[in-house]
Amino acid sequence: MATGAVLLGGCSIIPKSGQPTTPTPTPEPSATSLPQDSKRHRVALLVPLSGENGEVGQSIANATTMAILDTNADNLRITTYDTSRGAQAAARQALADGNKLILGPLLGSNAAVVRGVVANSGVPIISFSNDTSIAAPGVFVMGHIPEQSVDRGVEYARSIGARNFAVLAPDSDYGRRAEAAMQSALASYGGTLVATERYARSNTSVVSAGGRLKAKGGFDTVLIADGGTPSIRGAEAVAGSSVRLLGTERWAGESALLDSSALSGALFSAVTDKRYPDFVTSYQARFGGQPYRIATLGYDGVLLTLRAAREWKVGQPFPVNVLFQDGGFDGMDGPFRFRRNGVVERALEVRKVQSGSFTTVSAAPTGF
């Protein structure tokens with residue numbers, strides 16, 4: 001059974017930007033069977049509504065509601081299915097209910113499960129994950145991709161004189177992806193990777209790894225592939241008067257970084273935040289709480305679906321080719337488009353940690 005609200009009207013743990021002021025609404029269970037539709041497209045939203053990522057999933061679900069209200073859409077029926085009770089069961093029910101498109105799931109591990117369920121169904125998946133390994137025909141990755149953030153950051157660093165790079169990264173899949181992205185970026189823009197140190201996710205380990213990296217020397221720029229406290233501890237361990245620090249998209253919304261003198265002048269690349277304050281204001285007015293930063297993916301997922309609906313007849317398969325239009329789409333996080341491999345490409349800006357704020361030093365492109 002679908003667990004979550006049927007929106008009629010139009011249509012690992014994730015960090016949050018700020019704490020919620022009040023709990024967000026909990027969706028009511030839907031009926032055991034959906035009513036027949038002749039004028040609305042059926043779209044499934046697969047997110048966790050309980051457990052460690054339940055608040056994240058609820059925030060995304062609220063954002064989809066907000067998108068429908070903001071656009072006054074009347075051609076979509078979005079039903080939320082709770083993946084915390086099992087991604088496989090949620091996907092099976094979504095297919096049984098006649099949905100022609102799946103937005104979500106949130107986690108890469110769940111996306112792999114859902115992909116197996118919907119194989120040969122003709123129902124595409126637009127996942128909110130950043131795990132590019134799950135991309136396949138009919139499976140799209142919409143999350144913020146760390147490799148793209150590293151590439152943009154290195155490109156900018158090279159343009160202002162960086163030559164020799166080092167990487168300080170957690171001993172994790174994310175850390176290994178960041179290191180590989182650094183190597184790829186240097187192959188594109190020039191420069192040399194002279195040292196890498198990895199660490200376990202603890203303050204002691206990152207400080208030790210930073211100390212070892214500093215002792216090696218020979219670099220002018222260090223990529224710290226982490227967020228929050230580990231980034232601060234790592235910066236304190238490697239910082240020097242002649243060392244430039246780079247971060248990743250994980251630094252976006254991390255206000256604690258502004259309090260670290262070691263990170264003053266550090267650079268990182270992320271999607272633009274120009275529209276995010278208005279998104280937060282609207283979200284708070286409707287739901288009484290602070291959204292997770294990733295909630296914009298739910299909002300943009302609805303906008304993307306509405307764009308496709310111009311060429312999508314009710315009851316027919318989703319027109320996947322719409323996703324590949326060269327000009328892409330403009331969403332809350334700025335311009336984006338999908339490559340033929342199913343991975344999103346985003347226009348990213350470069351920001352500097354400076355004087356208690358994040359200052360844009362290289363604007364994101366306005367389109368493709």
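At 65% relative accessibility, Asn 72 counts as exposed (over 50% relative accessible area; buried is under 20%, partly exposed in between; 1.4 Å probe, protein chains only). Asn 72 sits in the loop between α1 (54-71) and β3 (76-82), and its phi is near 55°, a positive value in a residue other than glycine. The structure is a predicted model, in which local features need pLDDT of at least 70 and side-chain atom pairs count only at pLDDT 80 or more, while totals for chains, interfaces and linings use all residues. Residues are numbered from 1 along each chain as its sequence is written, and side-chain values use heavy atoms, with hydrogens and water left out.

**Overall form**

- The secondary structure comes to nine helices and 16 strands; these are DSSP runs numbered from the N terminus, with helices being H or I of at least four residues and strands E of at least two.
- The radius of gyration of the protein is 21 Å, which agrees with the value near 21 Å for a compact globule of 368 residues; the radius is taken over C-alpha atoms, and the globule rule is 2.2 Å times the number of residues to the power 0.38.
- Along the principal axes, the C-alpha atoms fill a box of roughly 65 × 40 × 35 Å.

**Surface and charge**

- Buried residues make up 54% of the 368 residues of the protein.

**Helix α7 and its cover**

- Helix α7 (residues 228-238) is largely enclosed by the rest of the structure, because eight of its eleven residues are buried.
- Among the buried residues of α7 are Pro 230, Ile 232, Ala 237 and Val 238.
- The cover over the buried residues of α7 includes β7 (164-170), β8 (192-199), α6, β9 (221-224) and β10 (244-246), contact meaning heavy atoms within 4.5 Å.

**Arg 212 in helix α6**

- Arg 212 lies in α6 (residues 203-216) and counts as partly exposed because its relative accessibility is 39%.
- Leaving aside residues up to four places away in sequence, Arg 212 touches Glu 197 and Arg 198.
- A polar atom of the Arg 212 side chain lies 3.4 Å from the backbone oxygen of Arg 198.
- From Arg 212 to Ala 237 the C-alpha distance is 9.0 Å, with the two residues 25 apart in sequence.

**Backbone details in loops**

- Gly 104 and Pro 105 are joined by a cis peptide bond with omega about 5°; Pro 105 is in the loop between β4 (101-103) and α3 (108-118).
- Ser 355 is in the loop between β15 (348-354) and β16 (357-362), and its phi is positive, about 50°, although Ser 355 is not a glycine.
- Ser 355 counts as exposed, at 73% relative accessibility.

**Asp 82**

- Asp 82 is placed in strand β3 and counts as buried at 6% relative accessibility.
- The side chains of Asp 82 and Ser 84 are joined by a polar contact of 2.5 Å.
- A polar contact is a pair of N or O atoms within 3.5 Å; within protein, one must be able to donate a hydrogen and the other to accept it, and residues adjacent in sequence count only if both atoms are side-chain atoms.
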